Amino acid sequence: ETTAGTLTITPREVTLTSGGGKKAYDGSPLTNGTVTEGGDGFVKEEGAVYTVTGSQLEKGSSRNSFSYDLKDNTKKENYTITKEEGTLEVTASETPIIITARDAEKVYDGTELTEAGYSYTEGVLAAGDELKAVVEGSQTEAGSTANVVTSYTVLHDGKDVTSSYTFGASVPGTLTVKQRKATIKVNTYTK
């Protein structure tokens with residue numbers, strides 16, 4: 001007597017993992033187009049085509065998202081696919097930027113002395129990034145006062161990326177109004 005048996009084929013376990021990465025901010029997005037196939041993997045000449053869309057520009061982290069399409073000769077029911085996304089992390093630029101407010105001086109003329117100018121550490125900003133600082137201070141009477149950096153922002157194509165940079169303590173400038181020299185002429189008369 002013969003008994004009929006059952007043949008069972010179980011799906012192959014495949015894990016698809018997108019690559020990760022880490023770098024200091026440099027003005028260009030961090031990407032990683034790699035997808036690795038783990039677990040049992042695909043059978044020879046079967047598989048998937050990947051589209052990796054993950055990207056991280058400024059300081060922070062995000063998932064390296066991706067999608068996949070099975071090749072025409074690959075049947076979905078033959079595989080149990082698990083998708084895992086790597087992490088893309090951008091850290092702040094390590095070289096500190098120091099902003100220095102400009103000095104200014106003049107002889108007393110009854111008007112307010114201000115100077116909005118500043119300079120900053122060169123060679124740190126990524127290409128295309130723009131630093132904007134606000135410098136405040138004023139002096140009208142004879143004497144001196146500090147000219148202080150009160151705020152700053154770094155923009156990348158209009159997007160605020162200030163947190164992607166490291167800043168040292170700003171250096172204040174000095175506003176000086178000098179005393180006006182006056183000459184008093186005394187006429188003497190003899191009689």
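Contact here means that heavy atoms lie within 4.5 Å. In this predicted model, Lys71 is in contact, in that sense, with Glu45, Glu46, Gly47, Ala48 and Val49, when residues up to four places away in sequence are left out of the count. Lys71 itself is found in the loop that runs between strand E6 (66-70) and strand E7 (79-84). Its relative accessibility is 37%, and Lys71 therefore counts as partly exposed, since that class lies between the limit of 20% for buried residues and that of 50% for exposed ones. Although Lys71 and Ser61 are ten residues apart along the chain, their C-alpha atoms are separated by 31 Å. A further lysine, Lys83, has its charged end over the ring of Phe66, at 4.9 Å from the centre of that ring.

Strand pairing was examined next. Three strands, in the order E2-E8-E5, make up an open sheet whose pairing is mixed. At its edges are strand E2 (21-24) and strand E5 (60-63), each of which pairs on one side only. On average, and with direction ignored, neighbouring strands of this sheet are turned by 10° against each other. The pairing between E2 and E8 is parallel and extends over four bridges; in E8, Thr91 is the bridge partner of Ala24.

The aromatic residues were then considered, and four aromatic pairs were counted. One of these pairs is formed by Tyr25 and Tyr165, whose rings are arranged edge-to-face, with 5.1 Å from centre to centre and 70° between the planes. This pair links distant parts of the chain, for Tyr25 lies in the loop between E2 and strand E3 (35-39), whereas Tyr165 lies in the loop between strand E15 (159-160) and strand E16 (166-167), and the two residues are 140 residues apart. Both Tyr25 and Tyr165 are buried.

The place of Ser93 is in the loop between strand E8 (87-91) and strand E9 (96-97). With a relative accessible area of 9%, Ser93 is classed as buried, because that class takes in values under 20%. Ser93 is thus buried, as are the tyrosines Tyr25 and Tyr165, whereas Lys71 is partly exposed.

Methods:
Residues are numbered from 1 along each chain as its sequence is written. This is a predicted model: local features need pLDDT of at least 70, side-chain atom pairs count only at pLDDT 80 or more; totals for chains, interfaces and linings use all residues. Side-chain values use heavy atoms; hydrogens and water are left out. Buried means under 20% relative accessible area, exposed over 50%, partly exposed in between (1.4 Å probe, protein chains only). Two strands pair if DSSP finds at least two bridges between them. Axes are lines fitted to C-alpha atoms, for helices over the stretch in contact, and angles run from 0 to 180 degrees between N-to-C directions. Rings of Phe, Tyr and Trp (its six-membered ring) pair if their centres lie within 6.5 Å; planes under 30 degrees apart count as stacked, over 60 as edge-to-face and the rest as tilted. A charge sits over a ring if NZ of Lys or CZ of Arg is within 6 Å of the ring centre and within 35 degrees of the ring normal.
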